[in-house]
Amino acid sequence: MINNEEKLYVAHSDHPLIIEPKMANRHGLIAGATGTGKTVSLQVLAESFSDLGVPCFMADMKGDLSGVYKAGELTKFIAKRQDEFGVKFDFQPYPTQFFDVYGEQGHPMRVTIKDFGVMLFSRIMSLTDTQEGVLNAVFRICEDRKMPLDDLKDLRAALNYIGQNAKEFQTEYGNISSVSVGSIQRNLLALEEQGGDQFFGLPEFDINDFFSVEKINGIKKGMINILAADKLYNNPKLYSAFLMWLLTSIYNQLPEVGDMDKPKFIFFFDEAHLLFDDASKALMEQIEKVVRLIRSKGVGVYFITQNPMDIPEDILGQLGNKIQHALRAFTPKDQKAIKAVAQSFRTNEKFDTEKALLELETGEALISFLDEKGAPSIVERAKMLCPQGQIGPITAEERKQAMKESGLEKKYGETIQRESAYEILIKESERKQKEAEEQKAKAQAEKEAEKRRKEEEREARSKATSRKSSSNTWYGKALTSIARNLGNKLVNEVIKKLK
Ligand SMILES: Nc1ncnc2c1ncn2[C@@H]1O[C@H](COP(=O)(O)OP(=O)(O)OP(=O)(O)O)[C@@H](O)[C@H]1O
Ligand SMILES: [Mg+2]
């Protein structure tokens, strides 16, 4: 909730703990072992930002975050906290938009293969460096030849075509080995089987649809955008790459704004460790860069994970607002992590940080937020406030209702097929086939003409021969002898006359 000073009141020790709105873009962390209260803390934060008029995005791993769409109810747990804190929760619904890359539990969220990019695409298909190089060449060839790569069938068609004509592209784009093309094609098939064909394509998700603000009971509330991730999460690489694409798109599309009184948008990245699991060096650099620079575009990124040690140091160091729920110390590695986490807080002499980390109850956390000057406060042992929306999932019917209300069905409901690589290459192959057929017909016609010519020649020759040989027949011979007699007679006559 927000307090009288329009600050985010989200937890309570012996006094209210607040996130300074102007420091909310200095990122944050919600960590803790399973069942310690991370999801509910996320909900408390999201609702508070919405109260402040700041929209946010979150992935819903189990469906339980959908509860923000409905007003919550007073439970014993909540009543106890109200008494302890001396506050009264105003149970209320929040403006909510549901998305689902599979189009089942929310509006479809699609991205074109080209915009998803070589790096993230290689990651979801676990390509080797060499294969990534080939994929890069394929993307460039398609770009140069104006063949849009929208969906998986575009990429498949492009790979087939480029693979078959590899020699033609070699000088300009480097070696395109058929082995690499073959492996990419196999990976593509696996991706299709996992439903990947549903979220690559058009219409592409428009980031601006995240940023709406809605009036509820006369008060402006930031939109809470929820991506159903229970199914998507089955493919951790796909899940984390998709979220990274969203974050990068927000970063690319928003203008620089510098320091603001409150953030423009909050991006919650749940199960964040998945993003860093065997990420390439290039991807790590990209994440680090986006997280560092997106702040000046007014966007706060809040990572949610079980163990903060799963987040690389460079990024962990940038997370200013921290909510650390209980950790478990089962293994020596856990114990080491607990020490490191405890040391990352400024000590509070009222308690032992390391010990507290193991004792925290559900919905209780060690908290350090940035003060007005941007310095981390000393650690506080505090209880989180309770959500004002419902804790736990809404029904399928309620979800349908929310989707109807959003007005996004028309925009995203149906896929759009434009002339992209697949269609262009089909046309190209049809043109080539037609050309080949025409060529064949022409060659056949020429062959037949030649045959006819030869036949005619032969005929003419045989006619001539038959004329010549006609002198050898009986009447020919007779004629020759008559002519010869006549000739002799004529000669004798002339001789006589001369005598
Ligand atoms: N601030 C809170 N206010 C009211 N109830 C809470 C609060 N925090 C936690 N709870 C209760 O504790 C339960 C478990 O919390 P939550 O689901 O947030 O745990 P989690 O850390 O997200 O677990 P997991 O890692 O399994 O996702 C909630 O369903 C809720 O009943
Ligand atoms: Mg959870």
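Predicted model: local features only at pLDDT ≥ 70, side-chain atom pairs only at ≥ 80, totals over all residues.
View 1. Residues are numbered from 1 along each chain as its sequence is written, and chains are lettered from A and ligands numbered from 1 in the order in which they are written. Strands (E, at least two residues) and helices (H or I, at least four) are DSSP runs, numbered from the N terminus.

**View 2. Strand 3 and its two partners.** Strand 3 (residues 28-31) runs parallel to strand 12, joined by 4 bridges. Another 4 bridges link strand 3 to strand 11 (residues 299-305), also in parallel; here isoleucine 30 is partnered by isoleucine 304. Gly28 and Ile30 on one side of strand 3, and Leu29 and Ala31 on the other, are all buried (20 or more other C-beta atoms within 10 Å of a residue's own, C-beta atoms being placed from the backbone).

**View 3. A closer look at glutamine 324.** Glutamine 324 counts as buried because it has 24 C-beta neighbours inside 10 Å. Beyond its neighbours within four places in sequence, glutamine 324 is in contact with Ala31, Gly32, Val341, Ala365 and Leu366 (C-beta atoms, placed from the backbone, within 7 Å).

**View 4. The surroundings of ligand 1.** Ligand 1 is surrounded by 16 residues, the closest being Gly37, Lys38, Thr39, Val40 and Gly363 (C-beta atom, placed from the backbone, within 6 Å). Helix 1 gives the largest share of this shell, 4 residues.

Technical notes:
Buried ≥ 20, exposed ≤ 12 C-beta atoms within 10 Å, placed from the backbone. Contact = placed C-beta atoms within 7 Å. Pairing = 2+ DSSP bridges.
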